[in-house]
Protein chains: 2
Amino acid sequence: MDKLHLDRHISRQFNVELEALRTQLLEMGGLVEQQVTDAVASIESGDTALAEKVIVNEDRVDDFEIELDEQATLVLARRQPAASDLRLVLAVIKAVRDLERIGDEAQKVAKMAIALSGEGANRRGATELRHIGASVLTMMNQGLDAFARFDAEAALRVVEADESVDREYKTAIREMVTYMMEDPREISRVMNVLWALRALERIGDHVRNICEHVVYLVRGLDIRHISLDEAEAKILNQ
Amino acid sequence: MDKLHLDRHISRQFNVELEALRTQLLEMGGLVEQQVTDAVASIESGDTALAEKVIVNEDRVDDFEIELDEQATLVLARRQPAASDLRLVLAVIKAVRDLERIGDEAQKVAKMAIALSGEGANRRGATELRHIGASVLTMMNQGLDAFARFDAEAALRVVEADESVDREYKTAIREMVTYMMEDPREISRVMNVLWALRALERIGDHVRNICEHVVYLVRGLDIRHISLDEAEAKILNQ
């Protein structure tokens, strides 16, 4: 596990503020993770009350975004952090935005859960939703964990997992198109499944972004836009 | 027009650095705008060479993102800006990310242009692509202009335009579903139109984000997650 030295400041108050940013980011992460969990459960079970809860809770995610963004900006203005402290504040600012987007996508899944409700578990697309939903939830859990522990290697494994979710997603979309061609009366319904799959895939992308922020924060490395092999080599050779 | 006082620093070098950030953001904006223009033109005309050019140029957009992000971080570390200078640097960091995403979406449109090529202009979905493409290009142009001139009111008009693009998009998607039901042999093809429409709508969302950063930068107001009427009232009552 990597170690950021957040505990070495002369100003005790500065430590408190940095630690508060991290704690609140993880708190927001916990809320968003619950939103994704509930959204996925609602689309699997057809539980519309649970889906409604996700839709209502989205406001809390938005409030969190604005508050945390403000606090991080205040820390920048008052404390003028440098080096790894500055990276932490910037990583929080960036991760907050990804978490808010994940909340948006969870809300889309919940809306599709309502549109699809009352159709039973054997409907077409159910398997694909279940698989991708489970993969994305695992990514979400491990991604937040990597942030909590400032663990660049764990973060990289989540980036890898996203590549496999993207492949699953492409296969699932092809399946949906086949279903539509086989039974055109199902087109509207399958489109709803397709939008839900799309939202789940987007959640995976945002979790991946968060993990890229973790790598940047811990190692000072920018691994966007390079291949996984290159990113691994960079991280392991440091 | 609003005025940010970027020219009042004791350190001449600091002015130069802030101005350079702004100039480079606009340069990146120009490149990304060209990508969107070419992507929209390629899907309308079926010009696959132009679409290939968009796909190749995406690397330049990615390079821009990494470089500008690094430079903005350096300005934060070295100059420790406060007040409107800090807001400028943060707005640049956030806008760079949106510009990069717009580049991604332009690339998706270009890929769909290749998939759809050789089908002639009368194909179904062509009208919808043309309308939404034109609206999004106007937004892009006016959004970058609002950033260049630090104009919060112009930025707000772009946010308004996004709401109308979102409505056009929803209507277009309903049309696509109708086309698929009328002629199931067309499903695969119409799905490509649908993905291109989706990418254009996402470009609108990112331009809207950039305009929200402009309002924050110029007025210090966070207008995310509030209604347009509330945002207008806030901006006009300042």
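**Close-up views: ring pairs, charges over rings, cavities**

A:Phe147 is buried, with a relative accessible area of 1% (buried means under 20%, exposed over 50%, partly exposed in between, for a 1.4 Å probe and protein chains only). This is a predicted model, in which local features need pLDDT of at least 70, side-chain atom pairs count only at pLDDT 80 or more, and totals for chains, interfaces and linings use all residues. Residues are numbered from 1 along each chain as its sequence is written, chains are lettered from A in the order in which they are written, and side-chain values use heavy atoms, without hydrogens and water.

View 1. Rings of Phe, Tyr and Trp (its six-membered ring) pair if their centres lie within 6.5 Å; planes under 30 degrees apart are stacked, over 60 edge-to-face, and the rest tilted. One of the pairs joins A:Phe147 and A:Phe150, tilted, with 6.3 Å centre to centre and 50° between the planes. A:Phe150 is buried at 6%. B:Phe147 and B:Phe150 also form a tilted pair, at 6.3 Å and 50°. B:Phe147 is buried at 1% relative accessibility, and B:Phe150 is buried at 6%.

**View 2. Lysine over tyrosine.** A:Lys94 lies over the face of A:Tyr216, 5.4 Å from the ring centre. In chain B, the charged end of B:Lys94 sits over the ring of B:Tyr216, 5.4 Å from its centre. The rule asks for NZ of Lys or CZ of Arg within 6 Å of the ring centre and within 35 degrees of the ring normal.

**View 3. The largest cavity.** Its volume is about 80 Å³. A cavity is a set of points on a 1 Å grid over the protein atoms alone where a 1.4 Å probe fits but cannot get out; lining residues have an atom within 4 Å of a point. The volume is the space filled by probe spheres set on the points. The lining includes A:Asp69, B:Lys94, B:Tyr216 and B:Arg224. Helix α6 (residues 187-219) of chain B gives the most to this lining, with 3 residues. The lining residues divide into 2 nonpolar, 1 polar and 5 charged.

**View 4. The second largest cavity.** This cavity has a volume of about 60 Å³. Arg97, Asp98, Arg101 and His206 of chain A line it, together with B:Arg97, B:Asp98, B:Arg101 and B:His206. Helix α3 (83-116) of chain A and α3 (83-116) of chain B are the elements that give two or more residues to this lining. The lining holds no nonpolar, 2 polar and 6 charged residues.

Definitions and conventions. On a 1 Å grid over the protein atoms alone, a cavity is a set of points where a 1.4 Å probe fits but cannot get out, and a pocket is an open set with protein on both sides within 12 Å along at least five of seven lines; lining residues have an atom within 4 Å of a point. Helices (H or I, at least four residues) and strands (E, at least two) are DSSP runs, numbered from the N terminus. Ala, Val, Leu, Ile, Met, Phe, Trp, Tyr, Cys and Pro count as nonpolar, Asp, Glu, Lys and Arg as charged, and the others, Gly among them, as polar.
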